[in-house]
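Open the model in your viewer and keep the selection tool ready. The stops below go from one element to the next.

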Amino acid sequence: MKLLLAIDNSEYSAEAIKEVAKRPWPPKTIVRVISVVEPVPPPAAELWYDASGSLEQVQKDMTKRTTELTQRISASLKRKGLKIESAVREGDARSVIVDEARKWSADLIVLGSHGYTGIKRLLLGSVASSVVSHAPCSVEIVRRKQTKKRR
């Protein structure tokens, strides 16, 4: 089985990672941990660096942090006895994840979801929703368990 685990540095991704780590997968399962570095648009770049920085440097820093995250998660899953590959790609996460699944012939994509609805989903987009709609294979969306609020 070929499992594509799409991650970012969010608590929602952490839930997807935990889910993959705790399951008994069939022998010879390969997990490819993928993380996507999205391009920083020039107006937003000002939020990421000071006046002496450059957009190119911001992109390099983001790629470095993403690579470190992917390697750290890959190592932790490897300690669970899973066969692991890792990949860092650049582009729009929605299309990169689907393209990676198609090129790699993944059997399953696993990713976390923020669970946005309504206007937030419209404004912020939904990687999970787009992946579900366009994936060439099955997709599992892992949601964070909601804690019950006491009254």
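What covers the buried residues of α3? Keep in mind that this is a predicted model, and start by selecting α3, residues 55–78. This helix has 24 residues and reaches 34 Å from its first C-alpha to its last, close to the 34 Å expected at 1.5 Å a residue. Now colour its buried residues: Val-58, Gln-59, Met-62, Thr-66, Leu-69, Thr-70, Ile-73, Ser-74 and Leu-77. The cover over them includes β1, α1 (11–22), β2 and β3 (83–90).

Stay on α3 and pick Lys-78, which is found in this helix. Lys-78 counts as exposed because its relative accessibility is 51%. Draw a C-alpha to C-alpha distance from Lys-78 to Val-31: the two are 9.4 Å apart in space and 47 residues apart in sequence.

Next, show the strands. Five of them form an open sheet with parallel pairing, in the order β3-β2-β1-β4-β5. β3 and β5 (138–143) stand at the edges with a single partner strand each, so one side of each has no neighbour in the sheet. On average, neighbouring strands are turned by 25° against each other, direction ignored.

Zoom in on β4 and β5, which run parallel and are joined by six bridges. Here Ile-109 has Val-139 of β5 as its bridge partner. Select what Ile-109 touches beyond four places in sequence: Leu-4, Ile-97, Ala-101, Val-131, Ala-135, Cys-137, Ser-138, Val-139 and Glu-140.

α4 lies across β1, β2, β3 and β4, at about 150° to β2. α6 lies across β4 and β5, at about 160° to β4.

The last stop is Glu-100, in helix α4. Is Glu-100 buried or exposed? Glu-100 counts as buried, because its relative accessibility is 6% and the cut-off for buried is under 20%. Beyond its neighbours within four places in sequence, Glu-100 is in contact with Leu-4, Arg-32, Ile-34, Ala-87 and Arg-89.

Note on methods. Residues are numbered from 1 along each chain as its sequence is written. This is a predicted model: local features need pLDDT of at least 70, side-chain atom pairs count only at pLDDT 80 or more; totals for chains, interfaces and linings use all residues. Side-chain values use heavy atoms; hydrogens and water are left out. Contact means heavy atoms within 4.5 Å. Helices (H or I, at least four residues) and strands (E, at least two) are DSSP runs, numbered from the N terminus. Buried means under 20% relative accessible area, exposed over 50%, partly exposed in between (1.4 Å probe, protein chains only). The expected span of a helix is 1.5 Å times one less than its number of residues. Two strands pair if DSSP finds at least two bridges between them. Axes are lines fitted to C-alpha atoms, for helices over the stretch in contact, and angles run from 0 to 180 degrees between N-to-C directions.
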